[in-house]
Number of protein chains: 2
Amino acid sequence: MATRARPTGRRNQVLSREQIIGTAVELLDAGGEGALTVRALTERLTTGAGAIYYHVGNRDELLDTATETVVTAALTTRPAQTAATPEDEIRVVALALFDTIAEHPWLATRLILQIVRNPAGPVTVGIFERIGRQVSALGVPQAHWFDAASTLVHYILGAVGQNARIEGDTSGVEPHADRDEFLGATAEAWQALDPEDYPFMHAIAGRISEHDDREQFLTGIAVVLGGLARLR
Amino acid sequence: MATRARPTGRRNQVLSREQIIGTAVELLDAGGEGALTVRALTERLTTGAGAIYYHVGNRDELLDTATETVVTAALTTRPAQTAATPEDEIRVVALALFDTIAEHPWLATRLILQIVRNPAGPVTVGIFERIGRQVSALGVPQAHWFDAASTLVHYILGAVGQNARIEGDTSGVEPHADRDEFLGATAEAWQALDPEDYPFMHAIAGRISEHDDREQFLTGIAVVLGGLARLR
DNA sequence: ACCTGAACACCGTTCAAGT
DNA sequence: ACCTGAACACCGTTCAAGT
């Protein structure tokens with residue numbers, strides 16, 4: 001009888017939301033947050049600004065969606081699959097986040113923003129759920145589940161943020177040499193501090209060059225896991 | 001004989017670096033990072049853009065200096081002074097950072113940036129030194145000082161970042177009511193999750209409204225401190 | 001030495017107009 | 001429904017010119 005609007009009335013969609021998000025991640029990986037401009041997007045995708053805004057709302061939303069996509073993918077991919085103990089599974093999740101941020105340094109800042117502003121979003125919920133289940137498997141009484149999971153997540157976020165590379169570096173030009181140089185300069189600066197005013201920094205200055213971020217991260221996880229016994 | 005340049009050849013300085021930093025902090029406190037524009041600064045200080053750049057280099061440097069100023073002040077001010085044990089002193093430092101970020105939410109992001117990019121700067125060094133001394137007083141063997149201090153600092157940064165208010169809120173209009181509403185909405189969203197897919201989030205949803213950020217933070221500190229026994 | 005303020009290049013976002 | 005692209009308001013930064 002009456003004319004119904006076609007359920008899928010699309011005519012000629014050549015640009016998709018997924019495409020935009022994908023290119024956004026590329027731009028972010030290549031040059032950090034500053035490299036994600038609407039104009040850079042329109043050039044790579046050969047469209048106009050309006051087309052972008054038709055699909056994504058605004059730049060901040062795009063940044064959030066990119067974060068969501070990358071983090072969710074990292075948490076969903078089942079790596080070794082064989083997580084024997086709750087402790088192991090927590091390490092697997094933590095390292096997945098660690099490695100993801102190493103690949104996408106812009107995530108460090110964005111991850112924190114997500115969790116602060118959007119605690120009901122898939123990123124926050126995904127991380128908490130994944131960690132939280134292991135907390136309960138660990139034998140922490142339910143009354144302390146929230147505190148225990150929070151402590152783990154907060155430690156992971158703080159540590160993982162530290163691993164992020166320096167922003168604005170022009171893509172990966174000898175990242176390793178840069179890093180050694182950077183650590184060396186830091187060690188030197190710590191060494192140069194007045195031992196009277198900074199006895200501790202002076203004492204640990206030597207350790208910084210030989211330390212391994214990933215190992216230190218795992219040590220930290222072990223410390224927190226050990227401390228959770230307090231809540232039992 | 002020869003004409004020497006006057007050692008202090010200033011003629012009519014009416015604008016100081018300190019003044020600029022002070023107004024920058026005001027703008028940041030009032031409206032977050034987006035509110036710190038060179039134009040807003042020139043208006044408040046009734047000068048031109050050039051005057052700002054004569055004193056501070058650029059916006060990013062100003063942001064770093066503002067961070068430095070606020071954090072250093074927070075760490076320097078001796079609060080109760082009576083820190084009986086190393087554990088107490090760690091709590092004092094941690095809470096000082098916690099409260100400072102509550103007052104200056106824009107610090108959350110900036111603090112992490114500082115520590116990542118400028119590990120030899122006064123902020124990183126100040127926090128590490130303060131925490132590190134207590135780690136050694138705690139009886140952690142020197143070989144583990146760096147790991148122990150890192151774990152504490154990373155936890156503190158991760159947790160403290162969570163406490164930051166939502167950015168861009170128009171100054172403090174009933175911040176408490178906003179916060180209750182925010183937590184309530186979060187609890188509801190967690191409650192609404194499918195209990196099959198998110199058993200943990202569902203289980204802790206009730207706790208979020210009754211929980212106290214500061215107390216939870218202290219619980220986390222206690223967990224990490226407890227875990228440090230592992231390194232002894 | 002310190003400051004002015006116009007000028008420049010570059011942003012994010014909107015919107016009338018097209019198909 | 002989906003896209004174009006000019007236009008707008010607003011950025012950070014520079015720099016010749018003033019005192």
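Predicted model: local features only at pLDDT ≥ 70, side-chain atom pairs only at ≥ 80, totals over all residues.
Residues are numbered from 1 along each chain as its sequence is written, and chains are lettered from A in the order in which they are written. Local features need pLDDT of at least 70 and side-chain atom pairs count only at pLDDT 80 or more, whereas totals for chains, interfaces and linings use all residues, and side-chain values use heavy atoms, with hydrogens and water left out.

Chain A can be laid on chain B with an RMSD of 0.0 Å by a turn of 180 degrees and a shift of 0.0 Å along the axis, after least-squares superposition on the C-alpha atoms of residues with pLDDT of at least 70 in both copies. The two copies are thus related as by a two-fold rotation axis, and the same surface serves both, since 100% of the contact residues of chain A recur in chain B.

The contact (heavy atoms within 4.5 Å) takes 57 residues from chain A and 57 residues from chain B. The buried area, defined as the accessible area (1.4 Å probe) that two parts lose on being put together, summed over both, is about 5,100 Å² between the chains, of which carbon and sulfur atoms give 72%. Of the area that chain A buries against chain B, A:Phe146, A:Gln162 and A:Phe200 supply 15%, more than any other three residues. Several helices of chain A give two or more residues to this side, among them H6 (107–117), H8 (145–162) and H12 (213–227), and H8(A) gives the most, with 13 residues.

Across the interface, 0 salt bridges are found, a salt bridge being a side-chain nitrogen of Lys or Arg within 4 Å of a carboxyl oxygen of Asp or Glu. Over all chains, the structure holds 24 salt bridges. One of them joins the side chains of A:Arg117 and A:Asp64 (3.9 Å, N to O), linking distant parts of the chain, with A:Arg117 in helix H6 and A:Asp64 in helix H4 (residues 59–76), 53 residues apart.

Key:
Helix = DSSP H or I, 4+ residues; strand = E, 2+ residues; numbered from the N terminus.
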